[in-house]
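Please read them with the structure open.

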Amino acid sequence: QVQLVESGGGLVQAGGSLRLSCTASGTILVIKSMGWYRQAPGKQRELVATVDSGGSINYAPSVTGRFTISRDNAKKTVYLQMNSLKPEDTAVYYCRAVVIGLANLGNYWGQGTQVTVSS
């Protein structure tokens with residue numbers, strides 16, 4: 001089994017910054033990709049940014065140029081640096097990891113961390 005623990009959410013004024021972290025633990029042979037998704041009230045969960053094992057990165061157009069995703073393979077941790085935050089960035093942010101374990105390929109989610117941006 002794999003667990004993802006997120007941290008770093010909170011309340012910030014528009015224009016401010018936050019840094020989210022997500023660490024994976026458990027029976028992990030390879031982490032194929034890690035990333036961040038978000039879900040605002042009344043909306044579907046959407047991709048924010050992902051990074052795969054080869055270092056390829058994908059951003060949602062709405063965050064390109066403001067958010068930066070990075071990954072520390074040794075620590076099994078992914079980070080999301082969020083700058084120039086806007087009220088529309090307010091959402092619960094979820095970490096996701098695609099992991100190869102001993103016997104399977106699994107898709108895992110963290111519990112979510114609230115990010116609130118005030119205007």
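1. A charge sits over a ring if NZ of Lys or CZ of Arg is within 6 Å of the ring centre and within 35 degrees of the ring normal. The model is predicted. In it, arginine 45 lies over the face of tryptophan 109, 4.6 Å from the ring centre. Arginine 19 lies over the face of tyrosine 79, with 4.1 Å to the ring centre.

2. Tryptophan 109 also has a ring partner. The count of aromatic pairs is one. Tyrosine 37 and tryptophan 109 have ring centres 5.1 Å apart and planes at 70 degrees. Planes over 60 degrees apart count as edge-to-face, so this pair is edge-to-face.

3. Where do the two partners sit in the chain? Tyrosine 37 is in strand S4 (residues 30-39), and tryptophan 109 is in strand S10 (residues 105-109). The pair links distant parts of the chain, 72 residues apart.

4. Buried or partly exposed? Tyrosine 37 has a relative accessible area of 13%, so it is buried, as buried means under 20%. Tryptophan 109, at 34% relative accessibility, counts as partly exposed.

5. Check the backbone at lysine 76. Its phi is near 55 degrees, a positive value in a residue other than glycine. Lysine 76 is in the loop between strand S7 (67-72) and strand S8 (77-82). With 31% relative accessibility, lysine 76 counts as partly exposed.

6. The phi of serine 84 is positive, near 50 degrees, and the residue is not glycine. Serine 84 lies in the loop between S8 and strand S9 (91-100). Its relative accessibility is 39%, so serine 84 counts as partly exposed.

Technical notes: Residues numbered from 1 in each chain as written. Predicted model: local features only at pLDDT ≥ 70, side-chain atom pairs only at ≥ 80, totals over all residues. Heavy atoms only, no water. Helix = DSSP H or I, 4+ residues; strand = E, 2+ residues; numbered from the N terminus. Buried < 20%, exposed > 50% of the residue type's maximum accessible area, 1.4 Å probe, protein only. Phe/Tyr/Trp six-rings, centres within 6.5 Å; stacked < 30°, edge-to-face > 60°.
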